Structures are given as structure tokens and as C-alpha cells.
Amino acid sequence: MKLSIEAGRVIPTGTVNTIADGIAVRVPIPGTLELLRQCCDDVVAVEEAAILQALRLVHRDLGLMLEPAGAAGVAAILANAERFRGRRIATLFSGGNLSSELRTQLQGASA
């Protein structure tokens with residue numbers, strides 16, 4: 001999706017390999033792409049490690065289990081801290097669609 005928004009046209013992706021499968025869009029829908037271009041200032045890509053860090057942080061400090069896609073906003077903030085410093089920001093927390101392996105890993109990280 002990020003490539004398509006930046007290019008201004010649909011760019012299909014052959015495969016997507018991420019733990020954030022809820023936002024892993026291989027073939028963007030043209031109408032959705034246009035809506036996103038109208039309402040979004042920017043799209044930020046984050047590494048898998050940042051998503052895992054965000055999942056651990058939210059679980060440890062807030063006691064919430066998010067799915068990886070639901071922690072992507074926190075990951076973007078953590079990975080781009082300087083960009084957001086001194087600004088009021090918000091991100092959504094969503095989902096509980098975790099694999100049993102990731103759920104166990106997160107529960108162990110909070111101990």
C-alpha cells in the first residue's frame with residue numbers, strides 16, 4: 001500500500017512477509033487508495049523489530065495484547081521519535097488476533 005500511495009497508482013506486491021498481516025496489502029483497491037491519498041499526510045514503514053518492541057511496550061506498560069498490525073502506529077512513533085518529539089500525537093490500538101506463539105512470547109516478556 002505504501003508504494004501505491006507514493007506512486008499515485010496501484011502497485012501490486014507479489015508477496016508480503018510480515019507479522020503485521022492485518023495491514024499487509026498485496027493488491028490495493030483503487031478506491032481505497034484514492035481515499036487514503038486524500039486523508040493521509042504520510043505513510044511510514046517500520047521494521048519487524050519495531051513492531052515487536054511496540055507489542056512488548058504496550059503489553060508491559062498497559063497490560064494490553066494487540067495484534068501486530070494494531071501496534072504499527074506505536075512502532076512508527078518509536079522508530080521515528082525525533083519526528084514526533086514535542087508534538088501531540090495519537091495512534092489507535094486494535095485487535096487481539098495473535099498467534100499462540102506470539103501470545104506466549106509477549107506474556108513471557110512481561111514477567
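Predicted model: local features only at pLDDT ≥ 70, side-chain atom pairs only at ≥ 80, totals over all residues.

Me: How are helix α3 and helix α4 oriented to each other?

Reply: Start with where they lie: α3 covers residues 48-62 and α4 covers residues 72-79. Their axes are 8 Å apart, and the packing angle is about 110°. Angles of 65 to 115 degrees count as roughly perpendicular, so α3 and α4 are roughly perpendicular to each other.

Me: How many nonpolar residues are in the contact of α3 with α4?

Reply: Let's look at both sides. From α3 come A50, I51, Q53, A54, L57 and V58, while α4 brings V74, A75, L78 and A79. Sorted by class, the contact has no charged residues and one polar residue, and the number of nonpolar residues is nine.

Me: What percentage of the residues in the protein are buried?

Reply: Here a residue is buried if its relative accessible area is under 20%. The accessible surface of the whole protein is about 7,400 Å², and 52% of that belongs to carbon and sulfur atoms. Out of the 111 residues, the buried share is 23%.

Me: Roughly what box do the C-alpha atoms of the protein fill?

Reply: Picture a box laid along the principal axes of the protein. Its dimensions are roughly 45 × 35 × 20 Å.

Notes: Residues numbered from 1 in each chain as written. Heavy atoms only, no water. Axes fitted to C-alpha atoms, helices over the stretch in contact; angles between N-to-C directions. Helix = DSSP H or I, 4+ residues; strand = E, 2+ residues; numbered from the N terminus. Parallel < 35°, antiparallel > 145°, perpendicular 65-115°, else oblique. Contact = heavy atoms within 4.5 Å. Nonpolar A, V, L, I, M, F, W, Y, C, P; charged D, E, K, R; others polar. Buried < 20%, exposed > 50% of the residue type's maximum accessible area, 1.4 Å probe, protein only. Areas by Shrake-Rupley, 256 points an atom, 1.4 Å probe, with all protein chains shown as cover.
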